[in-house]
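Hi everyone, thanks for coming along. Please have a look at the model on the screen, and then I'll walk you through a few places in it.

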Amino acid sequence: MQTQKSRPARTAYATSNDAHFISISIGMVRNAHDPRITPRALSWSEFCNDLMQSEVREVKDGTGFVLARFSTPHRAGKNVVAITALGFDVDGKDQAPLPPIAAHEELSRLGWLHLIYTTWSHSATAPRYRIIIALDAPLHPDALRDAQSYVVDQLPGGVAQAIDRACIGDRARLYYAPATPPDRADGYEFYAGGLAPLSAKTLTLIAAAIQHQRETKKEHSKAMTARIASRGGVSVIEQFNEQHTVDEVLEHAGYTRKGKRWVSPHSHSGTPGIVEIEGRIFCHHADDPLHNGHALDAFDAFAAIYHNGDLRTAAAAVRGGVA
């Protein structure tokens, strides 16, 4: 992934000896416009060494890689058969990121085998970087979104809050190889550390549990909606949504606004993992009552927070206890 015209990074590189035995498969691409994949297998140590230097170039687009194995050498989510590492973009859309070395120190304290490298738009005053966390085995792509969401929720708030959650779950996500513009050629930073990769088996079990919880809530919601409709409860829901906004429900329940997102009072990391879109919210926090895989309006949020997602009970409460 290096070129002849490259600059060494400011580095901190100290991983366990196990890094030599952890393998990673990636799909190399020439640029963002060329979907052709060239498979490559290497050890975690070799992967780190490849990323320690950055190419100096005039444009952002260039060589990149995908943290996955493909059934067909074409970069598309449907062709991904296995996820080989977890990647996260730190862009500070909602909160200013920690400096990359501080994020590296936080991840090192967790013991996770990882690397961090700064991206094209990075500067000392506006840190932008990528975090890649090693796995001990490939992860099924169906588990990716929930596994990534769970991992972010385990990160310290200063790291988690600056991660771009819009990229979570993208199976064929393209990550540019290290590159810097000429005017910031000396600003590239690379850090690697940690003792052990994350367990793909554990993440798979966690993702399955989250999925089961989501499907159960979905079925309960359908059943309750049908029951409420048959008993005139729809008007209660409509009246509630006419009189209350989802913002009011969240504020009353102790959620904290961060820009266009919200922080759950149940979050251990302080990550603003609840996104508001056109009067509805979508929750990425796996351990929050709002997390059910669907966009929620004000009444949905009220039912989830105060009545465990039971729409009938919530409607009865709104009517003053009349079922």
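Let's start with Arg-57, which is found in the loop between strand S5 (53-56) and strand S6 (64-66). Helices (H or I, at least four residues) and strands (E, at least two) are DSSP runs, numbered from the N terminus. A quick word on the background: this is a predicted model, where local features need pLDDT of at least 70 and side-chain atom pairs count only at pLDDT 80 or more, while totals for chains, interfaces and linings use all residues. Residues are numbered from 1 along each chain as its sequence is written, and side-chain values use heavy atoms, with hydrogens and water left out.

So, is Arg-57 buried or exposed? Arg-57 is buried, because its relative accessible area is 9%; buried means under 20% relative accessible area, exposed over 50%, and partly exposed in between, with a 1.4 Å probe and protein chains only.

What does the side chain of Arg-57 reach? The side chain of Glu-55 makes a polar contact with it at 2.8 Å, and the backbone oxygen of Lys-60 is reached at 2.6 Å. A polar contact is a pair of N or O atoms within 3.5 Å; within protein, one must be able to donate a hydrogen and the other to accept it, and residues adjacent in sequence count only if both atoms are side-chain atoms. Not counting residues up to four places away in sequence, Arg-57 also touches others, including Trp-120, Tyr-176 and Pro-182. Contact here means heavy atoms within 4.5 Å.

Trp-120 brings us to another arginine. Arg-184 lies in the loop between strand S12 (179-180) and strand S13 (189-194). Arg-184 counts as partly exposed because its relative accessibility is 28%. Its side chain reaches the backbone oxygen of Trp-120 at 2.8 Å. Leaving out residues up to four places away in sequence, Arg-184 touches Trp-120, Ser-121, His-122 and Ser-123. Arg-184 and His-122 are 62 residues apart along the chain, yet their C-alpha atoms are separated by 8.5 Å.

Now for the spaces. On a 1 Å grid over the protein atoms alone, a cavity is a set of points where a 1.4 Å probe fits but cannot get out, and a pocket is an open set with protein on both sides within 12 Å along at least five of seven lines; lining residues have an atom within 4 Å of a point. Grid points are joined across faces, edges and corners, and a volume is the space filled by probe spheres set on the points.

The second largest pocket has a volume of about 340 Å³. Of its 20 lining residues, the closest to its centre are Lys-60, Asp-89, Thr-119, Arg-130 and Arg-173.

H3 is mostly covered, with eight of its 11 residues buried.

Finally, zoom out. The protein chain has nine helices and 17 strands, and 51% of its 323 residues are buried.
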